[in-house]
Amino acid sequence: QEKRRKELMPNEAAAIDMFFQSWQRLKELGWQEAIYSPKDGSTFEAIEPGSTGIHQCLYMGEWPKGGWWVQTSGDLWPSRPALFRKTV
């Protein structure tokens with residue numbers, strides 16, 4: 001995997017470009033920036049940098065002083081999602 005990443009992204013500029021292209025593609029697939037996620041306690045799907053999963057998430061508290069929380073295994077974990085989409 002590391003060898004493949006080095007081939008695809010030999011330097012920071014290439015890695016940043018791939019990061020942007022991935023972000024743009026996810027937006028084309030219906031994802032939006034997390035700051036626009038629901039703030040009413042409802043759940044939505046979220047993608048967080050450093051993770052390969054799509055997580056059930058909610059925003060708790062009053063914007064902008066609240067925070068995002070991922071729901072997993074009956075527990076809540078603080079989150080910093082980059083993108084979200086409404087749960088269908």
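Biologist: Where does the charged end of Lys39 sit?

Modeller: In this predicted model, the charged end of Lys39 sits over the ring of Trp63, 4.5 Å from the ring centre. That charged end also sits over the ring of Tyr59, with 5.7 Å to the centre.

Biologist: What do Tyr59 and Trp63 form with each other?

Modeller: Tyr59 and Trp63 form an aromatic pair. Their ring centres are 5.6 Å from each other, and the angle between the planes is 55°, a tilted arrangement.

Biologist: And how are the rings of Trp63 and Trp68 arranged?

Modeller: The pair of Trp63 and Trp68 is edge-to-face, because the planes stand at 70° and the cut-off for that class is over 60 degrees. The centres of these two rings are 6.0 Å apart.

Biologist: Which residues make up the aromatic cluster, then?

Modeller: One aromatic cluster is formed by Tyr59, Trp63 and Trp68.

Biologist: How many aromatic pairs does a search of the whole structure find?

Modeller: The search finds 5 aromatic pairs. Among them is the tilted pair of Tyr59 and Trp63.

Biologist: Changing topic: is Tyr59 buried or exposed?

Modeller: Tyr59 is buried, at a relative accessible area of 2%. Trp68 also counts as buried, because its relative accessibility is 12% and the limit is under 20%.

Biologist: What about the relative accessible area of Trp63?

Modeller: For Trp63 the value is 41%, so this residue is partly exposed.

Technical notes:
Residues numbered from 1 in each chain as written. Predicted model: local features only at pLDDT ≥ 70, side-chain atom pairs only at ≥ 80, totals over all residues. Heavy atoms only, no water. Phe/Tyr/Trp six-rings, centres within 6.5 Å; stacked < 30°, edge-to-face > 60°. Buried < 20%, exposed > 50% of the residue type's maximum accessible area, 1.4 Å probe, protein only. Lys NZ or Arg CZ within 6 Å of the ring centre and 35° of its normal.
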